[in-house]
Amino acid sequence: MADSTDPQPPDLTLGVAADSFSSSGMLLGRVGEDDVLLARRGDRFFAVGAHCTHYRGPLAEGLVVGDTVRCPLHHACFNLETGEALRAPALDPIACWRVERRGDLVFVREKMSERPAARGSADASQHPSSIVIVGGGAAGIAAADMLRREGYEGPVVLVSADEDPPVDRPNLSKDYLAGEAQDDWIPMWPSEVYTQRRIELLLRTRVSSIDPAGRTVLLENGSRRDFGALLIATGADPVRLPIPGADSAQVLYLRSFADSRAIVERARTAKHAVVVGASFIGLEVSAALRTRGIAVDVVAPEHAPLERVMGAEVGRFVQSIHESHGVTFHLGETVTSIAGRTVTLSGGGTVDADFVVMGVGVRPATAIAERSGLAVDRGITVNEFLETSTPGIFAAGDVARWPDPHTGERIRVEHWVVAERQGQVAARNMLGRRERFDAVPFFWSQHYDVTIRYVGHAERWEAVTVSGSLDAHDAAVRFMRGGKTLAVATVSRDRENLQAELELEQATASQ
């Protein structure tokens with residue numbers, strides 16, 4: 001954490017003692033009207049903006065790793081020398097200031113005006129003639145962004161089935177749905193940015209087929225797009241239960257901005273909702289609806305929410321949070337039918353509801369890949385460079401199954417930050433890099449005023465250890481197998497979660 005606990009940050013233009021913080025320490029101060037982070041790495045000093053450009057996380061409470069600083073909220077990473085956002089979820093750089101050392105004092109001088117320039121490439125002649133990205137979610141928009149940041153000058157086409165430009169999807173089940181974020185916070189970019197960055201955005205557009213040999217994408221409207229390289233980032237589709245009434249107007253799903261708006265509109269006059277599924281999405285929807293004052297019943301077959309992902313102890317903790325806010329759980333049950341306002345449960349009981357939100361999981365959207373002859377195994381199969389079985393065609397995000405170096409297994413995860421980081425790596429590899437995707441998976445889940453941060457990946461484990469107290473909302477939970485830490489979940493220990501991420505990276509690097 002920052003070494004200063006002074007509630008009045010010092011004026012860094014007046015100078016601070018070089019020995020006042022450790023060799024990898026940080027000091028939060030001010031330069032004029034700006035909050036500035038002064039960071040030390042060995043004998044070098046850096047001054048950068050103090051807030052992450054993603055959700056304005058406090059970088060002074062983060063972690064310095066090499067010549068970078070990591071945000072404690074969602075693990076974005078910035079270059080201390082250039083301010084560049086190196087890893088999602090932040091895509092925009094932080095500001096930098098010139099630093100001068102005079103004897104034992106360090107002074108922060110003027111802000112540097114230049115932003116990190118597009119890097120370009122010595123072998124740009126080998127870049128693909130054009131790039132098509134199928135999917136307007138996290139991986140797609142992050143890839144488009146990285147292509148331009150890497151200096152790619154060719155045409156970029158982003159094809160999205162959604163009616164809205166790419167949005168900050170985690171917000172759809174959190175603050176926006178709860179009524180605590182306004183509409184204009186949700187788009188990833190203002191509309192004019194697509195024109196400025198020469199990205200052709202095709203909305204309400206679906207791909208009907210891909211011709212890998214002919215390097216062509218056929219759209220459902222009959223038009224075609226040629227590509228030199230292709231990224232499939234089609235994500236995953238909500239699972240729809242085969243029960244009577246599941247296709248009625250009473251039943252809503254949450255995947256897109258339009259879906260979230262539909263739930264918000266229904267919630268304006270509703271008094272009671274049923275959420276089917278105790279997944280992260282289902283529980284976050286429940287919290288958002290309770291924040292709006294709507295009574296919520298959750299129906300799920302598990303014995304405890306999130307038990308399969310985080311174990312029974314964390315599951316019971318999450319359940320207690322929701323129950324303390326008035327949520328009623330029907331665990332060990334499923335929905336057998338929906339008829340008007342009546343939701344019938346497998347145990348024979350019924351629940352009255354103005355509307356129902358389904359949150360029973362998703363399936364990777366692999367149909368296009370399958371029709372195109374790409375290798376598919378519970379997701380699109382990719383190698384460590386995120387390239388599919390056909391050279392020049394890549395896949396990233398919820399749809400991709402990749403060889404994870406941390407677990408030694410092929411995995412597919414449905415996390416926003418992972419999808420963005422895969423999009424970034426895929427973009428660089430489409431330009432000829434051979435960069436392995438080796439990021440440790442990370443996600444966060446918000447339940448009222450409690451946020452759980454989870455780093456790593458554990459589909460199965462032998463032991464769970466808890467340090468601190470979940471009931472006190474101050475804990476770290478480690479998921480272990482064979483004496484090895486697979487994943488760590490934390491509550492109110494954000495920097496410890498960053499340290500766990502670094503430990504998992506180092507453990508893999510040493511193998």
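1. Let's start inside the protein: the largest cavity has a volume of about 80 Å³. Bear in mind that this is a predicted model. Around that cavity sit 14 lining residues, with His-406, Lys-484, Thr-485, Leu-486 and Leu-504 lying nearest its centre.

2. Where does that lining come from? Strand β36 (484–491) and helix α9 supply at least two residues each to the largest cavity.

3. Searching the whole structure turns up three cavities of 30 Å³ or more. The second largest cavity holds about 40 Å³ of space. Its lining takes in Gly-136 and Gly-137, then Ser-160, Asp-162, Asp-164, Pro-165, Pro-166, Val-167 and Arg-169, plus Trp-416. By class that gives four nonpolar, three polar and three charged residues.

4. Now for an open site. The second largest pocket contains about 410 Å³ of space. If you want to find it on screen, go to Arg-87, Val-425, Arg-428, Glu-435 and Asp-438, which lie nearest its centre among the 24 lining residues.

5. Which elements give two or more residues to the lining of the second largest pocket? They are β8 (85–87), α1 (138–149), α8 (416–430) and α9 (494–509). Helix α8 makes the largest contribution, with four residues. Note that α9 turns up here and also in the lining of the largest cavity.

6. The make-up of the second largest pocket is worth a look too. Its lining has twelve charged residues, alongside nine nonpolar and three polar ones. Both arginines named above, Arg-87 and Arg-428, are among the residues nearest the pocket's centre, and so are the acidic Glu-435 and Asp-438.

7. Helix α5 runs over residues 280–291, twelve in all, and spans 16 Å from its first C-alpha to its last, close to the 16 Å expected at 1.5 Å a residue. After α5 comes Gly-293, with a positive phi near 85°.

8. Is α5 mostly covered or mostly open? Mostly covered: nine of its twelve residues are buried. The buried set begins with Phe-280, then runs from Gly-282 and Leu-283 through Glu-284, Val-285, Ser-286, Ala-287 and Ala-288 to Leu-289.

Conventions
Residues are numbered from 1 along each chain as its sequence is written. This is a predicted model: local features need pLDDT of at least 70, side-chain atom pairs count only at pLDDT 80 or more; totals for chains, interfaces and linings use all residues. Side-chain values use heavy atoms; hydrogens and water are left out. On a 1 Å grid over the protein atoms alone, a cavity is a set of points where a 1.4 Å probe fits but cannot get out, and a pocket is an open set with protein on both sides within 12 Å along at least five of seven lines; lining residues have an atom within 4 Å of a point. Grid points are joined across faces, edges and corners, and a volume is the space filled by probe spheres set on the points. Ala, Val, Leu, Ile, Met, Phe, Trp, Tyr, Cys and Pro count as nonpolar, Asp, Glu, Lys and Arg as charged, and the others, Gly among them, as polar. The expected span of a helix is 1.5 Å times one less than its number of residues. Buried means under 20% relative accessible area, exposed over 50%, partly exposed in between (1.4 Å probe, protein chains only).
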